[in-house]
Amino acid sequence: MAGASGLGTGPGAAGGDGDDSLYPIAVLIDELRNEDVQLRLNSIKKLSTIALALGVERTRSELLPFLTDTIYDEDEVLLALAEQLGNFTGLVGGPDFAHCLLPPLENLATVEETVVRDKAVESLRQISQEHTPVALEAYFVPLVKRLASGDWFTSRTSACGLFSVCYPRASNAVKAEIRQQFRSLCSDDTPMVRRAAASKLGEFAKVLELDSVKSEIVPLFTNLASDEQDSVRLLAVEACVSIAQLLSQDDLETLVMPTLRQAAEDKSWRVRYMVADKFSELQKAMGPKITLNDLIPAFQNLLKDCEAEVRAAAAHKVKELGENLPIEDRETIIMNQILPYIKELVSDTNQHVKSALASVIMGLSTILGKENTIEHLLPLFLAQLKDECPEVRLNIISNLDCVNEVIGIRQLSQSLLPAIVELAEDAKWRVRLAIIEYMPLLAGQLALSEACGQEITTKQMLPIVLKMAGDQVANVRFNVAKSLQKIGPILDTNALQGEVKPVLQKLGQDEDMDVKYFAQEAISVVAQRLRKLDFPVKDSGEPSVPRADKNHFPRPRVPGEDTGKGPVYPLHGDTRDTLAQLEIAELVHFSQSRD
Amino acid sequence: METKLPPASTPTSPSSPGLSPVPPPDKVDGFSRRSLRRARPRRSHSSSQFRYQSNQQELTPLPLLKDVPASELHELLSRKLAQCGVMFDFLDCVADLKGKEVKRAALNELVECVGSTRGVLIEPVYPDIIRMISVNIFRTLPPSENPEFDPEEDEPNLEPSWPHLQLVYEFFLRFLESPDFQPSVAKRYVDQKFVLMLLELFDSEDPREREYLKTILHRVYGKFLGLRAYIRKQCNHIFLRFIYEFEHFNGVAELLEILGSIINGFALPLKTEHKQFLVRVLIPLHSVKSLSVFHAQLAYCVVQFLEKDATLTEHVIRGLLKYWPKTCTQKEVMFLGEMEEILDVIEPSQFVKIQEPLFKQVARCVSSPHFQVAERALYFWNNEYILSLIEDNCHTVLPAVFGTLYQVSKEHWNQTIVSLIYNVLKTFMEMNGKLFDELTASYKLEKQQEQQKAQERQELWQGLEELRLRRLQGTQGAKEAPLQRLTPQSLYPFSCPGAQRETHLPLALPEWLLRTPCPAQLSLGGDEERQWWSWQQNAQPLAAGLDKGKLDQEAAIRDLPLPHKAGLRAAGGLPPSAPGLGQGHSAPRLPLPLPA
């Protein structure tokens, strides 16, 4: 429908008006009035087609009045209508007539159902941009005023979202009026309206002149942030980010910080949660000085809040907090002011808190550097790898790679491999799955960074992988096949022929179709490698093409994809290069055979 | 006091026994911000806010109230109230057991005293009492342990400090109910802010707490006339937020229960404010997902309103029809139950106003594949009052439901439903046999008309769509561009309408398609289009005539005859075993003599 909306704007559209009278409006309106809701809905969704058939003039004079009067429909129909009208400017004759769309949308902006109202406001915002400045003051601003002084809270909440779109283009006198209206909505008697105003406060502040921000928005912000309802106060925290971006450091200190400090210690956990949740944004908006003096102490309190929700939200922000600190002293700040709290959170009583921390804690290693990571973070990682909650273990395993880069694979494998070996037998299959998915990466890192990578891989990792081939969960088993395919090039031929191939062949006979499929894929890659190394390949090792199963086919095959009998492409024997080639091995495999 | 944070939690030695820190008189809200700074990890995943005052003096038992002379009674009472304002950590169940016991005993004594002793409640103790209550009950409710808490399925988190909290609530209740209680004095302390915080507590997950709150709020509403409008308004806000913003509030059922009794007491004629509450709050409350938790209370409120003012019936029923559940059958059954409650008290003059849309909805429910919904709807016919209303208006009601009943009687998978429908049809037959026969006869015709309408609709939209496509092309300024490109070739399997119509007509192809002009015709422009339009209008009866044979055939397959009236009577409404297939539409439907 979006495509149709632009139609009427061109001069070509006007010429067709003569034909359109063929469609009697009664017939079309009958469609919009059908007794069956579904049919009514269908018709509304094709409203642009109807408007097109009527032509711009009759759309304005007949269709829109009808739509304005009949808003007592089901919310679903109204929602569709509100959405349609946002793209209707072209169908009523272009920007000069955009104001014709206001009456029906005004009605829709007053209905009870939030989704309908929100959609009507969205459409109104869209249409406001198409108004000429004159039309904006003549039609749009009066509409906003009417909504803002409506009897029922619905119209007033809708009005809150419209101030910021008409303010920048209004004349000074009107601007003052708009500000006045917004002010009164911020102290509305109904909490719903105050919530709407609080949620639009930041957006409105952005379009105001700086003086007005200081003299009018800041007091409003302060009031809303100390509202009797916590649902209003927490929205003020959101607005705080936008307001802070507009003010200078000095103004921030005097105008915003007292309120923010208060919010960080609010008696309602919801407000404190909001501060924790928006912490990174606040940190950026407030700048480094206030961060050090005020936000870090506040953050410490959030990390040890009495509600787990707040602690979890704060724990989530630990990494971002570090990243947003000035480079020169971020290490000291984290080490002295944050790490002690993190250490406590590792043994928190709530698993959501621990899991939130586990999902970001690895990111700190880049900030703290090798020494600190080994000394302070590794013990925490180890503790979390052994955590009773699987979610925590999982989050640590899935993020191991960023620690690799900092402390090197040797250190990592020495300290963490035993724990990983243990986790390969974890009771939770998702943990086992994460382990097997992590193996190729670990092996790859080993091969690239350490001279003895092949040895560690063969001696320590391969046995784990091979053992997991007997896992009872098929997802683990076929990931074993995938892993072996990727690790293969790092291994020497003896291991490939003697250990990997038998396992893969066994998986190739698996009862699960997916396992079979991936095992056979892996066999073909391994076989190629063996052939390339001039290792005699027995016929039995040749993979058979998996038969298409009527009921189950794991993955559509690429047309022309071969199964291992294609031309042998050169691969160098040097292990260090193999991995890089391995990354593209699959691509090469497919594209060559397609030729 | 507010900003100073307790450095350690070790209790100091008892210096002035029994006197404990009490919040300053101006701070009635009882929120103690210090508790937030407490970083001690919680030992259990309990629902209680962690807020006890550390650094507090140890409580020592005071003399019993009954043992002191009357002159010292109030001084002692005040000390006891202060003692009860000390908060304890109930998450740590072994912490400060002695203190807890002292407070419990003091509370018990207060409960006893305020309930039985006359002359205790004198003006100076009011602020102390309200302060003690505020400190204990007002707190920010903790986050729910289970974000998807389902009040019907899950066990609620119980308040750990209940051993004390219960006594405080009990004391509050007895205080309000005491014959000595003077609302004129208390209203200085029980103000709007107090009420607002009381209302917020209704979100507590602990049903025991909500039960107390319900009774207390009810008494407050009864005693403080000046707060009534405010309480109603704040309840509205809670409901509206619940409906449109959060969909989570544990105390909706309790608040509705109070409102039920408030509505009961409304004076007539009803104020606009009250009517607005019904239409804009109570009716939309039906749309909430967790309706089952508070539906009984909600339905009670609605029926209360209708008993007060019958003219609201139309509003209510139309409102319910608007919010009628689309996918949730459990809610649909509840709606049907409420509708029956409303119909039980409906005035015949009101029934006339809504009978048609209402019974169309009832018919839709009867055709629900969920047998409980169908069954619940069919039970309406077991209600004698409803049946009498239907009988009085059978010329409207019957046509509204007949088609659906007729159809469902043959299609429903559930035998109970089928037999219930036969009973209903039987009732109709007895009610007005003539009308019944007419409807039976016109049923087939209506089906045909419906088909025709659907066909016309498709043609209309097809035409509109083509117009749109042509416009699209028009704006591209390429009038001579081949039109075939714009209209999918698959839509026009035949080169020209009618040209090959008789020869091989694919049955699956809708008839309207054949009458759609081919692209060549469309491209001719305005005049031709007008011709096409009129041609199409003319063509319709012709086409209908052409296809009459086919339609008849279809109709015969679709319209399985109804069972014989005699059969119905004999078998108690059970359907016939084998409906006669292939009988022409002229076959007699109900070969029974018309009522003499």
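Where does Glu247(B) lie? In this predicted model, Glu247(B) is found in the loop between H9 and H10 of chain B. Its phi is near 55°, a positive value in a residue other than glycine. Most residues other than glycine have a negative phi. Glu247(B) counts as partly exposed because its relative accessibility is 39%.

Helix H9 of chain B spans residues 228–246, and helix H10 of chain B spans residues 252–264. Their axes come within 11 Å and cross at roughly 140°. H9(B) is therefore oblique to H10(B). The crossing of H9(B) past H10(B) is left-handed. On the H9(B) side, the contact is made by Arg232(B), Cys235(B), Ile238(B), Phe239(B) and Phe242(B). These residues meet Val252(B), Leu255(B), Leu256(B), Leu259(B) and Ile262(B) of H10(B). Nine residues of this contact are nonpolar, none is polar and one is charged.

Leu268(B) and Pro269(B) are joined by a cis peptide bond, with omega about -5°. Most peptide bonds are trans. Pro269(B) sits in the loop between H10 and helix H11 (272–282) of chain B.

Charged pairs were then considered. Over all chains, the count comes to 48 salt bridges. One of them, in chain A, pairs Arg261(A) with Asp294(A). The closest N and O atoms of this pair are 2.6 Å apart. The two residues belong to distant parts of the chain, 33 residues apart. Arg261(A) is in helix H17 (residues 249–264) of chain A, and Asp294(A) is in helix H19 (residues 279–303) of chain A. Arg261(A) counts as partly exposed, at 35% relative accessibility. Asp294(A) is buried, because its relative accessible area is 15% and the limit for buried is under 20%.

Arg430(A) forms another salt bridge, with Glu391(A) as its partner. Here the closest N and O atoms are 3.4 Å apart. Arg430(A) lies in helix H28 (residues 429–449) of chain A, and Glu391(A) lies in helix H25 (residues 390–398) of chain A, so the pair ties together parts 39 residues apart in sequence. Arg430(A) is partly exposed, with 43% relative accessibility. Glu391(A) is partly exposed as well, with a relative accessible area of 34%.

In chain B, a salt bridge joins the side chains of Glu450(B) and Lys447(B), at 3.8 Å from N to O. Both residues are in helix H20 (residues 433–475) of chain B. They are three residues apart, so about one helical turn separates them. Glu450(B) is partly exposed, with a relative accessible area of 48%. Lys447(B) counts as buried, at 18% relative accessibility. Elsewhere, salt bridges that share partners join Arg179(A), Arg183(A) and Glu216(A) into one network.

One glycine of chain B was also examined. Gly222(B) is in helix H8 (residues 207–223) of chain B. Its relative accessible area is 40%, so Gly222(B) is partly exposed. Gly222(B) and Leu320(B) are 98 residues apart along the chain. Their C-alpha atoms are separated by 31 Å.

Terms used:
Residues are numbered from 1 along each chain as its sequence is written. Chains are lettered from A and ligands numbered from 1 in the order in which they are written. This is a predicted model: local features need pLDDT of at least 70, side-chain atom pairs count only at pLDDT 80 or more; totals for chains, interfaces and linings use all residues. Side-chain values use heavy atoms; hydrogens and water are left out. Axes are lines fitted to C-alpha atoms, for helices over the stretch in contact, and angles run from 0 to 180 degrees between N-to-C directions. Helices (H or I, at least four residues) and strands (E, at least two) are DSSP runs, numbered from the N terminus. Angles under 35 degrees count as roughly parallel, over 145 as roughly antiparallel, 65 to 115 as roughly perpendicular and the rest as oblique. A crossing is left-handed if the near helix is turned anticlockwise from the far one by less than a right angle, and right-handed if clockwise. Contact means heavy atoms within 4.5 Å. Ala, Val, Leu, Ile, Met, Phe, Trp, Tyr, Cys and Pro count as nonpolar, Asp, Glu, Lys and Arg as charged, and the others, Gly among them, as polar. A salt bridge is a side-chain nitrogen of Lys or Arg within 4 Å of a carboxyl oxygen of Asp or Glu. Buried means under 20% relative accessible area, exposed over 50%, partly exposed in between (1.4 Å probe, protein chains only).
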